Amino acid sequence: MASTKAKILNLVLKVWRQSGPKSEGKFVEYPAKGISTDASFLEMLDAVNEHIIADGGDPIVFDHDCREGICGSCGFMIDGQAHGPLRSTTVCQLHMRHFNDGDKIVLEPWRAQSFPIIKDLMVDRTALDRVVSSGGYVSVNTGCAQDGNSIPIRKRDADEAFEAATCIGCGACVASCKNASAMLFTGAKVSHLALLPQGQIEREERVLNMVAQMDKEGFGACSNTGACSASCPKDIDLTTIARLNREFVKATVNKHNTDQKLGDG
Amino acid sequence: MSTLDGKIPAGNIEEKWTQYKFDMKLVNPANRRKYNVIVVGTGLAGASAAASLGEMGYNVKAICIHESPRRAHSVAAQGGINAAKNYQNDGDSVQRLFYDTVKGGDFRAREANVHRLAEVSVNIIDQCVAQGVPFARDYSGLLANRSFGGAQVSRTFYARGQTGQQLLIGAYSAMMRQVEAKQVELLYRREMLDLVVIDGKARGIICRNLLTGEIESHVADAVILATGGYSNVFYLSTNAMACAVTAAWRAHRRGAFFANPCYTQIHPTCIPVHGDNQSKLTLMSESLRNDGRVWVPKNKGDARLPHQIPEEDRDYYLERIYPSFGNLAPRDVSSRQAKYRVDEGRGVGSTGVAVYLDFRDAIHRLGESAISARYGNLFQMYDKITGDNPYKTPMMIYPAPHYTMGGLWVDYNLMSTIPGLFVAGEANFSDHGANRLGASALMQGLADGYFILPYTIGNYLASMKLDKVASTHEAFKESAQGIQQEVNKLMSIKGNRTVESFHKELGRLTWEYCGMGRNEAGLKKALTEIPKLREEFWNNVKVPGESNYINPELEKACRVADFLEQGELMCEDALHRKESCGGHFREESQTSEGEAQRDDTNFCYVAAWEWQDKNKKQVLHKEELHFDNVKLATRSYK
Ligand SMILES: Cc1cc2nc3c(=O)[nH]c(=O)nc-3n(C[C@H](O)[C@H](O)[C@H](O)COP(=O)(O)OP(=O)(O)OC[C@H]3O[C@@H](n4cnc5c(N)ncnc54)[C@H](O)[C@@H]3O)c2cc1C
Ligand code: SF4
Ligand code: FES
């Protein structure tokens, strides 16, 4: 809605341009003129791209799809902050009313070894999918489920599991971590399932496999700075990392004990 | 014109599906791995189908357009999913969900399919709970329900305002488990651009690898399209940016009939358009209408701020016109009424193209914290987008294209008119008739993928003798060359107009003439304008960059090229259907009170269109609809 408060901004964008994973990148400046404060950040980029195309240039590439803050496609650094200055907000939900006329805005892709750059602001986050496929599920085939209400779950646990399950897999946590750690992402998935009765059977294998995969993908270790949670658009809590650590230690000890027993027998 | 056979099993409606499952042919478990099935699209329908078929032992290839299947458009669904569980003991049953869906669809759906949908709805909830989908629960620890979209029972299961996300994560995780087990091969960033038909059967697809530009051939024994709807033909819609008709349209051009393209759903509660830069519209869940009251000023041109307008100068028009349903009147009805208010000059906001959705009374009655517990995330989202605080000032909303009931025609097996091509989820036309009820699309997508296709595909494969084909087959080569030529052509035009500008103009035409209200003159106008626009597109579009690397403009160009053809068929279909029904409102066919007037004598059929050559009129085929269980009646919500 064109709110009565809408204003027009003229901005300058300083954008990281890189044509492929192995090519060298550089910053290029573009004017962003006549932008309504009601536009979203991505709509502002659309407008800049339309100009670039009209001038015969190559438009800036960025990932996006839902533009509602839920699919996890969008995400890049705005002035050094993942998803930009507004807390709990993805880039696609950030609106231009949070910027001032004349601002110069710096845009860079997520930078992490496990997220190779595809082009410009677009990176490859399939490493996160592989962490999920290593164990981020309950192994239940279609058709063998019991009645939904035969598994009552304390509302408090259900709500907490839900909170953890709202992670959108955007990778901002990795990008804002100086070690490029994926502990918040993995902690969210492990918490979601560890909190529910359905997740108990595979609880230990799950955490061991997911952590192993995380390491294999080259994500770094966690040094508890909390930058991940601060940049997370879904406010995934740091307690999920604490839970991940606890689950991991417990599962490792149990596995060790079981292995020994089996070895003895 | 011919008459289409929906292959509905014989017997009583309650027994058809059970009998079908008994009569169908089975593929022996050891033989399943010999069959290759391609699933295109990884939303709820595609992910659930890929997971289930993988678990059964089929060799599955899943084609994902995104960087991850978890990003598919289903993720955005907010409100909930229906199921006839009757956990609330308020009189729900399979029979009632069946009845509501047939009636809600304005008697333009196939009864047998709808009944099956209602039957399997209960299994969906069980399956999702078992996967760990964190549905909302009561303090008892049992599953919570709400009433949604005008239903008079509470049968909607939900996970706060993120039901689609949670269901998709469930289906996606199940599929990723099969990826790990090597039953499903997942191909990322691929867009299907053609269907390959050999000896009259679907035997594979052609994709463009969006990262390398390579045109790839994939062979299969059966292909499932689960590629979603075509609301983006209107340019502005609530759909995600990559939602397109392309996959369905390319299959249509290979012989799959397209059914009821004019049945589109305009959702009543979306955030209004803010200006020319707008790229998409955002839905505000319709659950808001449980507590919000919809109104406009009584007087034209009332420029006062909403809180300055006293009660006697407000027109709560839904409550006035539909006393028993009030603000919960169905989507098509609510949308149309909002349009009437705006057409009367009583719209609000700076553009005058909006109505109020007001929580003042609910906040008075229940307190701000109760409202925040119910809708906190939606209020926050509204605030983020508009900069207005809905606790203090009413929301402004307006209808927007949201869902498409039309789609590829399928029989009871969910198989299209091309043997071996199955269509699931929003991409098919099957269950919602001319209007979809809230919380029924998620149900349908998962019903198709988890509980229907796994049976019907087996039946097909077991009854068919399929010759071995290789991707070196002439048909694959011919098709791949055709796609390469199309890409080359688009790159070589080097015209003066961006893809976006063509899409916007198409959107303007379709919204104006084939949106909430349609009439003969307008549709005829659209039918002369769209071909002209298409002509200009193919001579004047400007696609920058290269075709052998990631190129979002080229991707968009392919999609818009298809919308420029499909938009025309949508108008053609709307023109031929002279009655009003559900989301299709022909202004010539209304009651004296402005309600949709169906014409069962002449239009009680599914219109399925058959592609002819380019620039030739498509041929209409009909599937007659029979209502043996729910009596044909006027839908009334007064
Ligand atoms: C904002 C919003 C809220 C909604 N809320 C609800 C709700 O509360 N309850 C409810 O029941 N329904 C709701 N719906 C409707 C529902 O979400 C959809 O109808 C449903 O999710 C469709 O699922 P699907 O699997 O059929 O298709 P989709 O989820 O659309 O998946 C299809 C996928 O295929 C991809 N694709 C398209 N073309 C190609 C191609 N050529 N090659 C490869 N991939 C391709 C698309 O990008 C997409 O990711 C909502 C819809 C919207 C837009
Ligand atoms: S934990 Fe937060 S920041 Fe990390 S991927 Fe999930 S939503 Fe994004
Ligand atoms: S585009 Fe989907 S979260 Fe931003």
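1. Let's start with strand 5 of chain A, where Leu107(A) is the bridge partner of Ile78(A). Strand 3 (residues 77–78) and strand 5 (residues 104–108) of chain A run antiparallel and are joined by two bridges. Strands here are DSSP runs of E with at least two residues, helices are runs of H or I with at least four, and both are numbered from the N terminus. Two strands count as paired if DSSP finds at least two bridges between them.

2. A word on the model before going further: this is a predicted model, in which local features need pLDDT of at least 70 and side-chain atom pairs count only at pLDDT 80 or more, while totals for chains, interfaces and linings use all residues. Residues are numbered from 1 along each chain as its sequence is written, chains are lettered from A and ligands numbered from 1 in the order in which they are written, and side-chain values use heavy atoms, with hydrogens and water left out.

3. The chain A sheet is open and has five strands in the order 2-1-5-3-4, with mixed pairing. Its edge strands are strand 2 (26–36) and strand 4 (81–82), each pairing on one side only.

4. Strand 11 is joined to strand 15 (residues 395–404) of chain B by five bridges, and the two run antiparallel. Within strand 15, Tyr398(B) is the bridge partner of Cys270(B).

5. Now to the interface. In chain A, 79 residues are in contact (heavy atoms within 4.5 Å) with 80 residues of chain B. The two chains bury about 6700 Å² between them, 52% of it on carbon and sulfur atoms; this is the accessible area (1.4 Å probe) lost on putting the two parts together, summed over both.

6. There are five salt bridges between chain A and chain B (side-chain nitrogen of Lys or Arg within 4 Å of a carboxyl oxygen of Asp or Glu). One of them links Asp147(A) with Lys85(B), the closest N and O atoms being 2.9 Å apart. Elements giving two or more residues to the chain A side include helix 1 (41–54), helix 2 (126–133) and helix 3 (155–165).

7. Finally, the residues around ligand 2 include Cys167(A), Cys170(A), Cys173(A) and Cys232(A). Helix 4 (172–176) and helix 5 (183–194) of chain A each supply at least two residues of this shell.

Technical notes. Near = heavy atom within 4 Å.
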